[in-house]
Amino acid sequence: MEKILHNTETKNNPRSGPLSGLKVLELGQLIAGPFAGKTLADFGADVVKIEQPGTGDPLRQWRLLKDGTSVWWQVQSRNKRSLALDLRSGEGQDIVRKLVAETDVMIENFRPGAMEGWGLGPEQLQTINPKLIMLRISGYGQTGPYKDRPGFGVVAEAMGGMRHLSGEPGRTPVRVGISLGDTLAALHGVIGILLALQHRNATGLGQVIDVALYEAVFNCMESLLPEYSAFAAVRGPAGSALPGIAPSNAYLCKDGSYALIAGNGDSIFKRLMQLIGRDDLAQDAALANNTGRVARVEELDRVIGEWTAQLSVEDVLTALDAASVPAGRIYTVADIANDPHYAARGMLDTVEMHDGTQLSVPGIVPKLSLTPGSRVRNAPDLGQDSQAVLKEIGLTDTQISQLIARGIVAGV
């Protein structure tokens with residue numbers, strides 16, 4: 001595992017990477033906006049995260065805490081700098097304007113209208129800096145009849161069509177176990193930023209990127225809408241199966257574990273049937289293509305399940321691997337943490353906490369051959385970089401001390 005020491009970045013050890021030199025101001029909180037900021041920071045951008053003095057980003061207190069701070073924080077805010085600043089104060093808003101003058105990208109995920117209410121909307125900020133690229137992530141977007149509704153990822157997943165497809169037929173639709181809607185929106189936002197940077201390189205102009213959580217989810221819904229348009233088909237939940245593609249399912253093994261088997265390619269299907277002793281099905285002309293297999297999917301699932309029920313999941317996977325049939329088992333996080341492939345790919349990193357303890361965190365994705373991402377500092381303490389950031393825009397020690405004394409700025 002790669003060991004990253006706590007907050008080792010200095011002016012003598014600048015960030016490297018394809019986004020080195022890019023200045024990003026992150027005003028979002030929780031998941032969507034900060035995930036976008038994290039992704040840019042992983043590849044060299046200087047991301048200054050603005051947080052509310054005293055409380056900071058609520059994510060600091062989400063899920064399991066170590067020494068009073070969420071361990072999730074070490075993933076979501078790595079490589080960033082923290083400026084604790086009261087955005088609701090006039091002086092705080094003035095500081096944002098000074099920062100914007102030297103900023104390439106601003107990220108915000110407040111409800112539409114919040115930034116305008118602070119005098120920090122796109123029109124005001126792009127007057128200060130016409131090159132500014134502004135990523136705005138919200139539940140429903142900056143326009144449309146729903147724009148003023150509060151929108152969280154879990155609601156966006158439902159509106160975007162994902163929740164209806166989750167779970168078992170006839171049962172309550174289930175939530176995917178992570179905040180997938182927020183993450184999809186963040187990744188779409190990063191794509192938008194990179195596109196806007198390309199445009200700015202050609203024209204010198206910044207622009208606004210409007211990402212709606214529900215639209216990011218909907219963009220991943222594959223053939224859902226054209227199937228409805230062409231056939232009035234409303235796809236429903238299918239449990240662990242892959243609707244319209246067969247055979248592909250989770251099959252119970254002798255030891256109570258499940259093997260995920262994707263035998264849905266034509267040649268793969270033949271190899272799978274021969275492996276399980278059903279050469280008759282391998283040679284059946286009616287099953288030579290996906291259309292025929294979908295028509296008999298229940299039969300195929302039954303015969304595959306009968307085979308897996310006689311073997312442990314390890315024996316099943318060993319046999320399938322030898323036959324070049326795509327398969328796998330369902331990983332827990334314990335499986336992930338102990339998997340040699342994860343380790344070999346650099347996906348299990350280690351950071352050193354304030355007290356010297358070691359914390360495992362996910363590695364960086366995607367992997368670039370010439371300009372890979374890196375982590376040079378842990379997630380910051382609240383306001384850890386306030387004074388340094390304010391000095392960079394010309395504030396004196398006296399001015400900073402006065403702002404701290406009035407609670408507009410906080411620092412450690």
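This note sets out points on the overall fold and on one helix pair of the structure.

1. Basis of the model. The model is predicted, with local features requiring pLDDT of at least 70, side-chain atom pairs counted only at pLDDT 80 or more, and totals for chains, interfaces and linings using all residues. Residues are numbered from 1 along each chain as its sequence is written, and side-chain values use heavy atoms, with hydrogens and water left out.

2. Overall architecture. The protein chain has 19 helices and 15 strands; helices (H or I, at least four residues) and strands (E, at least two) are DSSP runs, numbered from the N terminus. Along the principal axes, the C-alpha atoms of the chain fill a box of roughly 85 × 50 × 40 Å.

3. Of the 412 residues in the protein chain, 44% count as buried (under 20% relative accessible area, with exposed over 50% and partly exposed in between; 1.4 Å probe, protein chains only). Among contacts (heavy atoms within 4.5 Å) with a separation of 6 or more, 68% join residues 24 or more positions apart.

4. Helix H1. Glycine 44 follows H1 and has a positive phi, near 105 degrees.

5. Geometry of H1 and H8. The axes of H1 (residues 32–42) and H8 (residues 180–203) come within 8 Å and cross at roughly 50 degrees. Axes are lines fitted to C-alpha atoms, for helices over the stretch in contact, and angles run from 0 to 180 degrees between N-to-C directions. The two helices are therefore oblique to each other (angles under 35 degrees count as roughly parallel, over 145 as roughly antiparallel, 65 to 115 as roughly perpendicular and the rest as oblique).

6. Residues at the H1 and H8 contact. From H1, Ala32, Phe35, Ala36, Thr39 and Leu40 meet Asp182, Thr183, Ala186, Leu187, Val190 and Ile193 of H8. By class, this contact has 8 nonpolar, 2 polar and 1 charged residues (Ala, Val, Leu, Ile, Met, Phe, Trp, Tyr, Cys and Pro are nonpolar; Asp, Glu, Lys and Arg are charged; the others, Gly among them, are polar).

7. Serine 179. This residue lies in the loop between H7 (162–165) and H8. Serine 179 counts as buried because its relative accessibility is 19%. Leaving aside neighbours within four places in sequence, serine 179 is in contact with Ile31 and Glu157.
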